[in-house]
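Here is a friendly briefing to read beside the model. Please take a look at the sequence and the structure first, and then walk through the topics below.

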Amino acid sequence: MFVRDPQCRWSGNGDGLVLRRPDELARIRESAVEYVLVDTGRAVAVKPATKQKSQDRPQRTAVLGTAAGKRAAKAIDASRKAVAKIADDIRLGRPIQLVRLAPLIEELSEQVRTNTEALFSLLRIKRRDQYTYLHSVAVAALMINLARAVGEDEASVAAYGTAGLLHDAGKIAVPEQILNKPDRLTDAEFDVMRSHPALGHRILAVSSGISALALDVCLHHHERPDGRGYPDGLDGADLSRAARMAAICDVYDALTSDRAYKDAWSPQRALEAMQSWTGQFDAELLSAFVSSLGIFPVGSLVRVRDSALAIVIADNHAEPTCPTVRSFYSITRGCRVRCEDVQIRAAGVLSPERPERWGFDDWPSLAATLLEQAADHTPQRCEA
Ligand SMILES: [Fe+2]
């Protein structure tokens, strides 16, 4: 592929280069470059044998073959069809049939609870042309998971799920060419895109039985705590918890999906990026979100069993719940200890921790120091 570096961090003049081998792409991924643009017009033909394979794709396909995978796929498909049906109803001016959604949300909630990994792995695979509907299903599932994580009761959890399914109802009025445009949107196109929350809200407000929560999520899921969102530029104090939760679920799913203009990011990479974008998300809810997914981004604080605090230093693509960590604090002794790198081998050995809880008030600078520090040992194994 031919890639350009719009921030000119490695190419100096902003021009691009041709990547011929997977390791060349890997080098860019590991570098400080945040993103590159793929210029399909200047792509060079390669033999199929050298085609770049996504690291986690085989694992995702493997999920499909299992019984859990099939049930998750069925729940996703039923919900996707329901979202498509709602879109048709809106287009034809027919009332939205909320009763039809209830059993789908119930099944989706059940899958989120019992079949979490298969469901979320499958939800990240979206054909680019199916993005809009599947994104709504993914946001519904993420909202359900997050609502449970913050202690909502099951009736409210279902309401959050429904709000997730309906949050982008206004996209019905955004033309396909804008929704799936591979290039940068023009100002006029951007205005059309930004009209979808208000428009969705108008459509839902005249439908019967839509909850206040779903209306709020639809109108405010693009608002940001720092006041830089749209449509109203509301700031933190005016933003409901539901709208903040929706913003997190919405952006996370967009980042971890293949889009017309970019390939999917890994969950770890998406969460790391989201944690670094100050003012964009509610920090407390984002940390609940990270815990609810059982994913540990590089740089986050974790507890290893009950004995130590550690910082995550490397992702594990095959098993997101088993990263490599650098332990630096003994909980049993209550003090800092010599750093030791540990390769986590069993899910459930780690739990995420909030730095403030342990008195690490300036976690970003402590994290940077710990990440730079050379460890004393080669990674040890940590079994359950
Ligand atoms: Fe949206």
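E356 is partly exposed, with a relative accessible area of 43%; buried means under 20%, exposed over 50% and partly exposed in between, using a 1.4 Å probe and protein chains only. Its salt-bridge partner is R354, with the closest N and O atoms 2.6 Å apart; a salt bridge here is a side-chain nitrogen of Lys or Arg within 4 Å of a carboxyl oxygen of Asp or Glu. Please keep in mind that this is a predicted model, in which local features need pLDDT of at least 70 and side-chain atom pairs count only at pLDDT 80 or more, while totals for chains, interfaces and linings use all residues. Residues are numbered from 1 along each chain as its sequence is written, and side-chain values use heavy atoms, with hydrogens and water left out.

**Salt bridges**

- R354, the partner of E356, is partly exposed as well, with a relative accessible area of 34%.
- The count of salt bridges comes to 18.
- R303, D306, E353 and R357 are linked in a network of salt bridges.
- K85 and D89 meet through their side chains at 3.1 Å, N to O.
- Both K85 and D89 lie in helix α3 (residues 67-91), four residues apart, which is about one turn of the helix; helices are DSSP runs of H or I with at least four residues, strands are runs of E with at least two, and both are numbered from the N terminus.
- K85 counts as partly exposed because its relative accessibility is 32%, whereas D89 counts as buried at 2%.
- The side chains of D341 and R326 form another salt bridge, at 2.7 Å from N to O.
- D341 sits in strand β7 and R326 in strand β6, so this pair ties together parts that are 15 residues apart in sequence.
- Both D341 and R326 are buried.

- Strand β6 (residues 324-330) is mostly covered, with seven of its seven residues buried.
- Strand β5 (residues 308-314) pairs with β6 in the antiparallel sense over six bridges; two strands pair if DSSP finds at least two bridges between them.
- L309 has Y329 in β6 as its bridge partner.
- β6 also pairs with strand β7 (residues 335-344), in the antiparallel sense and over six bridges.
- S330 stands opposite C335 in β7.
- The hairpin of β6 and β7 has four residues between the strands, and G334 takes a positive phi near 65° there.

**The iron site**

- Which residues donate to the iron ion? The protein donors are D168 (OD), H196 (NE2), H221 (NE2) and H222 (NE2), lying 2.2 to 2.3 Å from the ion.
- Donors are N, O and S atoms within 2.8 Å of the metal (3.2 Å for Na, K and Ca), and water is not among the atoms, so sites may look incomplete.
- The spacing of the donor residues in sequence is D-x27-H-x24-H-H.
- H196 in helix α10 (residues 196-205) and H221 in the loop between α11 (212-220) and α12 (241-255) link distant parts of the chain, 25 residues apart.
- The arrangement is irregular because the four donor atoms subtend angles of 85 to 169°.
- Four donors count as tetrahedral if all angles lie between 85 and 135 degrees; four count as square planar and six as octahedral if opposite donors are over 155 degrees apart and all others between 65 and 115; anything else is irregular.
- H196 counts as buried at 1% relative accessibility, and H221 does so at 0%.

- F289 touches L142, L146, I248, C249, Y252 and L271, not counting residues up to four places away in sequence; contact means heavy atoms within 4.5 Å.
- Seven of the nine residues of α11 are buried, among them D216 and H220.
- These buried residues of α11 pack against α6, α7 (154-166), α10 and α12.
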